Amino acid sequence: MTALMRYHAALLVRSQRWLPPFLLYAAFLAISIQAGQPVLDSLGYTAAALLPVAAWLARICVTGEPDAARGCVAAAAGPGRAHVACLIVALAGAAALGTIATLAVTLLSDPVASDHSIRVPLPAACGAGLLAALACALLGTAVGALTSRPLLRSPGRAVLALLLAALLSLVATGSPAQAAVQGLVTGSRQGEVPLPLLPLAGAALVTAAALALAGALASRRSP
């Protein structure tokens, strides 16, 4: 699996297809977040915006390999393992991006609650932001896995499903991403730093199930 992940990571980096989602994420943060804003609110925006980026990155990794190369890798390592490996690479990329963004936003933001009267401990806020970002990266990867091949092969349907699923993941009540982001916003209003461990656990379970399903279907269908 390690060799497969190195292969897919090198393929992703060389393709430069990761640039559009990364640049879009950076542009969104530059427009939406300004220095001196309450830290928990800013971290909530940072985590929420990472979800569609993670879904997009997962789709890039799944669809970026040439058909001939995909067939060779599937024959050598198994289509299921190869498919799961590229999704793990996408998750790692999204998590790394979210970590960098969270650290940068934490340094730029003001360690206060939304009313600017209650101080918020910056290390605890950063930790909560990292957990929320990881939850969104996990759920975004699950969205990308469930809206790409082998489940959806039509590009038009897949992109539409990806956008709709990413939106629902952010706004639907009970979604781990919605719970993680809402926890940061609520904590900012109350002057308390949340610990989004339950949303993170939920996102991890959903992602594990999505990757298992995608890998099983990839094993049954030809690349």
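Here is a short tour of this predicted model, stop by stop. Residues are numbered from 1 along each chain as its sequence is written. Local features need pLDDT of at least 70 and side-chain atom pairs 80 or more, while totals for chains, interfaces and linings use all residues, and side-chain values use heavy atoms, without hydrogens or water.

**Stop 1**

Select W18 and F22. W18 is partly exposed at 24% relative accessible area, and F22 is partly exposed at 23%; buried means under 20%, exposed over 50% and partly exposed in between, with a 1.4 Å probe and protein chains only.

**Stop 2: the largest pocket**

Now select L24, P52, V53, W56 and L163. Of the 14 residues that line the largest pocket, these lie nearest its centre. A pocket is an open set of points on a 1 Å grid over the protein atoms alone, with protein on both sides within 12 Å along at least five of seven lines; a cavity is a set where a 1.4 Å probe fits but cannot get out, and lining residues have an atom within 4 Å of a point. The pocket's volume is about 310 Å³, counted as the space filled by probe spheres set on points joined across faces, edges and corners.

Which helix gives the largest share of this lining? Colour α7: six residues come from there. Helices are DSSP runs (H or I, at least four residues), numbered from the N terminus.

**Stop 3**

Two cavities of 30 Å³ or more are found in the whole structure.

**Stop 4**

Most residues other than glycine have a negative phi, and most peptide bonds are trans. Go to R149 and P150: the peptide bond from one to the other is cis, with omega near 5°. P150 sits in the loop between α6 (122-146) and α7.

Next, select Q16, in the loop between α1 and α2; its phi is positive, about 60°, although Q16 is not a glycine. Finish at H116, whose phi is also positive, about 65°. H116 is in the loop between α5 (79-108) and α6 and is partly exposed, at 48% relative accessibility.

Methods: Helix = DSSP H or I, 4+ residues; strand = E, 2+ residues; numbered from the N terminus.
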